[in-house]
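Colleague: I am new to this structure and should like to understand the terms used to describe it. May we go through them one at a time?

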Amino acid sequence: MNLPRLASARLVVPAAAVVAGLAVASPAQGSSCILNYAECLVRAADLDTWWQRSAAGIDCYLDTVACLKRTYF
């Protein structure tokens, strides 16, 4: 059994669906979400402890997902 080939076949369909979904919507709509995410990660990286940075990074991610949902759905 060729596991790398099987694993890649499982990833092709979801990846194609994501690419198709993002291709339909204009990229400019979601660009502010991505820019805010990058700025949020920079602020999170400046925190003192690993736990604070990790929690702030998770918050950045969740805020970005919410922003993208509002924008595209």
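Colleague: How much confidence does the predictor place in the protein chain, and which elements have the lowest and the highest mean pLDDT?

Modeller: The mean pLDDT of the chain is 79, with 63% of the residues at 70 or more. Helix H1 (residues 3-24) has the lowest mean among the elements, 58, whereas H3 has the highest, 94. Where pLDDT is low, predicted coordinates should not be read in detail.

Colleague: How do you know that the end-to-end distance of H3 agrees with its number of residues?

Modeller: H3 has 23 residues, and at 1.5 Å a residue these should span 33 Å. The C-alpha atoms at its ends are 33 Å apart, so the two values agree.

Colleague: Why is Leu-62 called partly exposed?

Modeller: Leu-62, which lies in helix H3 (residues 50-72), has a relative accessible area of 47%. Buried means under 20% and exposed means over 50%; Leu-62, at 47%, is therefore partly exposed.

Colleague: Which residues of H3 are buried?

Modeller: They are Ala-56, Gly-57, Cys-60, Thr-64 and Cys-67. In the protein chain, buried residues make up 14% of the 73 residues.

Key: Residues are numbered from 1 along each chain as its sequence is written. This is a predicted model: local features need pLDDT of at least 70, side-chain atom pairs count only at pLDDT 80 or more; totals for chains, interfaces and linings use all residues. Side-chain values use heavy atoms; hydrogens and water are left out. Helices (H or I, at least four residues) and strands (E, at least two) are DSSP runs, numbered from the N terminus. Buried means under 20% relative accessible area, exposed over 50%, partly exposed in between (1.4 Å probe, protein chains only). pLDDT is the predictor's confidence in each residue, from 0 to 100. The expected span of a helix is 1.5 Å times one less than its number of residues.
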